[in-house]
Amino acid sequence: MRLKRLMTSAVLLCTAVGLTACGGGGGGGAAEPRAPIRVTIEADSTNLLSNKGEVFYEPGTDFATNVRVIVRNPDGQSVVDGTTVGLSVATSANGRFSTTDDLRTQTTQIQVPTVAGEALAVFHTLRGTGNTVLRATVSDPQSNQNISSEVTISIAEGPDGVNRITLTPNRLTIPARPLGVPIFANSPYLAEVDITYREADGRIGAPQDGEVAISINPVGIAAFSTLDDPETDDVNEFFVLFGNAPVDLAAGGKIFVHAEDRPGIVTVSASAQDTVSGEIFDAQLEIEIVEAAADGRPASLSFALPPLPQYVQGAGGTSAQAFEVFVQDGAQNFIEDPAPGTNNVFLEIFTESPDSGAVLRGTNNSGTPVEGTSIALATTGGIVSASLVSGTEPGLVRIRAAADAADNNVSNGIEAAVVSESSAVISDGVPFSVTLTSIPINSLTVNPVDPSVVITDDNGFPVEPNATYSLRVNAIVTDRFGNPPAQQVQLQAGLIDAPISGFPTQGAGTFDLSGVDGDPFEGGTGFFAPTGEFRTAGGGAGPGDTLVLFGKEVVGNADLESARTVAQVVDQTNINVDEPFNFNATVGGSIDNGPEIPYVIGRATTGNIESAFVTDSNGVATTLLNYPVSQLGRTAAIYVQGANGGLGGAGNLATYADAALIRYPGLLPLSLTATPDSVPANVPSNVLVCVEDAATAPIRGQFIGFAFSELEGTGTVDGIPGSGTVANPTGADGCTIAVVETAGVGTDASEGTLTFFTGDATATVTINPPSSAVLQASPSSFRAGPSLTTATSTLRYLAGGAPVAGIAISGTCEVSDGFLSIIDQPALTDDNGESVVRFSVQLDDGTFGSNVGEGTCTFEASDGTSVDIEFQGFDTCANQVNVSPAPPPGACGDVMTTSVSLTAEFDQTIAALGNVTISATGAAISCVFNAGTSTVSGTCADTSIPTNTTVTLSLSFANAADESDFMMNGSWLGECASSGSALQATVQLTNDAICRVTF
């Protein structure tokens with residue numbers, strides 16, 4: 001039995017290990033041959049198109065396909081990773097291979113390693129067509145044989161290749177530019193060439209860096225220029241000639257080829273690099289420069305009519321405008337002047353009204369002054385001079401000039417006319433419209449406590465601000481034809497900022513006495529609004545309040561844009577104003593469109609505006625809007641209005657106005673902070689978001705936008721998913737609380753980001769996955785100036801969104817300029833997971849603004865979780881509105897200046913004295929009183945002397961006797977009295993000083 005069991009076991013063992021020696025025939029027989037590996041090649045697409053342009057294409061198009069090679073052992077298992085697969089194409093003209101991670105490098109043979117039994121590559125077609133075979137070859141390590149597999153790709157005729165760069169000229173032949181003829185717009189000696197860059201699929205695109213390299217050859221025959229770059233104020237690129245230069249397509253893909261003074265053929269070449277494939281493409285264009293036609297016959301006429309305003313007779317403005325007409329031949333040479341008594345230019349005008357009264361004036365070739373709607377004149381040096389004289393009717397005037405190319409003579413008729421036209425507008429000069437312009441750059445200023453203090457630093461901010469801003473408000477007045485008024489115009493500005501509700505808790509605030517259904521009585525003083533609550537809303541309106549109508553907001557009511565003073569509140573829906581409204585008759589006939597005009601009623605209680613101001617010669621006027629820093633973000637209505645002479649019947653405007661709703665603005669750039677800057681996922685968190693202007697003044701009533709990104713789950717702010725606006729606007733402190741909630745964020749998720757934004761200012765909050773511990777800091781950022789101060793932040797440790805007590809936290813700080821240190825290392829976290837840390841900070845080098853510093857304090861919990869607290873240097877010299885104490889005078893590099901004024905009083909004539917000279921050291925004062933004049937009481941002064949300067953004043957006399965007499969009888973008075981001597985007086989300036997000398 002035991003032997004039988006042993007034999008059975010032996011049989012089972014042989015079966016298990018599969019050894020041939022265990023079977024019959026003994027152990028000396030040969031092993032059976034092993035089956036080879038199996039190789040299969042596949043292509044996503046076997047029908048492709050030829051790539052005639054041989055440009056770069058990605059898989060998924062008709063010009064490229066993914067190729068997959070599957071390699072298996074005989075038992076069906078994948079071969080070991082890294083097995084080399086060789087790929088080749090039978091016909092090299094038909095295509096090339098690339099790896100999947102480097103599509104740009106292509107070759108007819110390629111080696112690719114396997115991963116999980118597969119090797120991947122990409123096949124790209126070229127110009128060739130027909131069938132081509134792709135072969136995959138793998139070396140079998142057991143049999144030392146090469147195992148292959150093939151797939152056939154059919155390549156059909158593809159579309160013609162795309163011209164990646166196209167040069168399109170407006171002309172291929174231009175005349176040579178004669179010596180001395182300058183470059184000018186629309187010159188006959190230039191050709192405009194448009195440059196277009198296309199992607200491989202024919203779409204308009206952009207090359208590498210957005211630039212195309214342009215060159216021209218030979219440069220002795222022509223050169224090129226580009227469009228003017230509006231950002232370069234000191235140069236106009238149209239007039240700068242190049243032989244080669246890059247052209248920015250984003251700034252306008254156009255060049256101008258300018259001919260030089262000799263004929264020939266030039267080649268314009270363009271090249272650019274593709275942003276995807278890296279390939280370089282080029283294009284060429286030939287332009288011929290031909291001999292100019294210098295035959296002395298008129299070939300072109302051009303006007304030089306200055307674009308200056310012109311007005312009807314009696315308007316008070318310019319009523320005659322001189323202009324010139326240039327007459328040139330085909331070579332753009334000025335033509336020869338005609339013989340005496342012969343005229344060679346015919347001028348005529350065409351007006352909208354035949355009785356406009358407008359005429360042309362000039363002097364003909366006989367020396368006779370001529371005037372009329374048509375006149376014949378002669379050139380002088382190839383130029384005709386004439387004047388357009390206004391009549392009594394405004395309107396458009398067309399001016400036509402004609403010459404005769406046959407004989408350069410119009411006195412005998414015109415056989416071959418060469419014609420050119422221009423036009424001018426003759427205005428009535430009567431103010432018709434006023435427009436509040438956009439706020440200009442640097443229009444907002446910070447006001448000082450003492451307006452007499454002179455500041456000379458670059459920032460222009462006062463050392464002692466008074467917590468108010470002034471905004472420069474511009475308005476432009478035009479007549480009905482778009483010209484400035486013929487004479488200066490006085491305008492009235494006004495402001496309404498109360499009563500309002502909802503500021504800042506609901507935003508900028510809403511006017512209580514407002515609506516969109518205002519109905520003024522055209523030509524009358526009544527005003528009606530069906531939904532009005534004029535006796536109760538906001539405490540009610542009253543006499544002296546201002547009604548502002550936004551008539552321009554509704555088509556057909558622009559004439560009713562106006563401001564009127566409330567004279568009487570009749571009832572809830574009706575009021576009377578102090579002067580009639582316009583007739584709403586800009587096109588003739590009064591129009592009543594009913595209750596549809598937006599309006600505001602109120603008064604100014606917070607800010608003020610300089611009400612009266614006058615236009616300049618361009619019709620532009622400027623006034624100042626002043627308001628306190630505490631009201632930044634508050635809504636207000638401003639208006640500007642002018643009067644043009646009373647009603648006088650329908651169609652004659654009584655007033656013209658423009659009105660706008662604004663918010664009291666802060667200084668740019670704005671600053672936005674979010675605290676804490678890191679919150680745990682899947683747990684509600686409150687984030688404090690604050691916005692300040694450049695002077696650290698809070699912006700109130702501001703709605704803050706938000707957007708999640710890279711979040712592996714869902715996120716809401718105040719219940720709003722994805723992106724939107726925080727529910728509550730910023731409050732009096734410029735801050736609002738955003739409730740941040742996320743859900744579905746896995747423990748292995750990456751960090752997400754929540755970005756808050758307003759204008760160009762942003763602040764980000766990191767969303768940490770729930771598996772991560774979070775160390776928060778509140779606040780997580782500080783702004784500090786050069787004065788040593790203390791800052792406090794609360795650190796909070798959370799795990800899984802829950803606070804953890806007993807966590808040890810330590811921190812270190814780094815600072816660029818200034819001082820930053822931790823006063824006491826934070827204690828172990830309490831039951832709320834919190835620990836307080838205090839800092840001592842001074843962020844600059846102590847020179848007030850010259851080197852603003854910044855610093856970072858990094859705190860790390862015992863498990864390695866960390867948080868950064870940022871400290872940003874605060875330029876107290878540039879931003880002093882909310883800084884206390886203010887920097888000391890002179891600390892910011894500003895020069896506090898005073899002045900010294902010297903008054904000389906003499907009780908006898910200079911003739912009796914002789915010449916007297918008064919000079920000074922430390923000040924630019926030198927006064928000479930000349931003998932022979934009458935009794936003198938003169939003043940000389942220096943008004944820009946730095947504070948604390950010591951000034952010594954000296955007297956000198958032409959006659960020694962006079963000097964002795966003064967030393968006995970003269971005296972110094974004023975600030976010089978206490979320190980004066982006989983001939984000199986010294987004063988140290990702490991304020992403006994007046995020194996007097998008497999004799």
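I take two strands as paired if DSSP finds at least two bridges between them, and strands themselves are DSSP runs (E, at least two residues; helices are H or I, at least four), numbered from the N terminus. The model is predicted, and local features need pLDDT of at least 70, side-chain atom pairs count only at pLDDT 80 or more, and totals for chains, interfaces and linings use all residues. Residues are numbered from 1 along each chain as its sequence is written, and side-chain values use heavy atoms, with hydrogens and water left out.

**Entry: strand 40**

I looked up strand 37 (residues 526-528) and found it joined to strand 40 by three bridges, the two running antiparallel, with Gly-526 having Asn-576 as its bridge partner. Strand 39 (residues 562-569) also pairs with strand 40 in the antiparallel sense, over three bridges, and here Gln-568 has Asn-576 as its partner. Four residues link strand 39 to strand 40 in a hairpin.

**Entry: strand 9**

I then followed strand 9 (residues 130-140), which runs antiparallel to strand 4 (residues 84-89) and is joined to it by four bridges, Leu-87 being partnered with Ala-136. Strand 9 pairs with strand 10 (residues 145-156) over 11 bridges, again in the antiparallel sense, and Val-138 stands opposite Ile-147. These two strands form a hairpin with four residues between them, and Asn-144 in the turn has a positive phi of about 55°.

**Entry: the largest cavity**

I searched for cavities (on a 1 Å grid over the protein atoms alone, sets of points where a 1.4 Å probe fits but cannot get out; lining residues have an atom within 4 Å of a point). Grid points are joined across faces, edges and corners, and a volume is the space filled by probe spheres set on the points. The structure holds two cavities of 30 Å³ or more, and the largest has about 50 Å³ of space. Its lining includes Thr-351, Glu-393, Leu-396 and Ile-426, and strand 28 (residues 395-404) gives the most to that lining, with three residues.

**Entry: Phe-481**

I placed Phe-481 in the loop between strand 32 (465-478) and strand 33 (490-496), and Phe-481 counts as partly exposed because its relative accessibility is 32%.

Key. Buried < 20%, exposed > 50% of the residue type's maximum accessible area, 1.4 Å probe, protein only. 1 Å grid on protein atoms, 1.4 Å probe; cavity = no way out; pocket = protein on both sides within 12 Å on 5 of 7 lines; lining within 4 Å.
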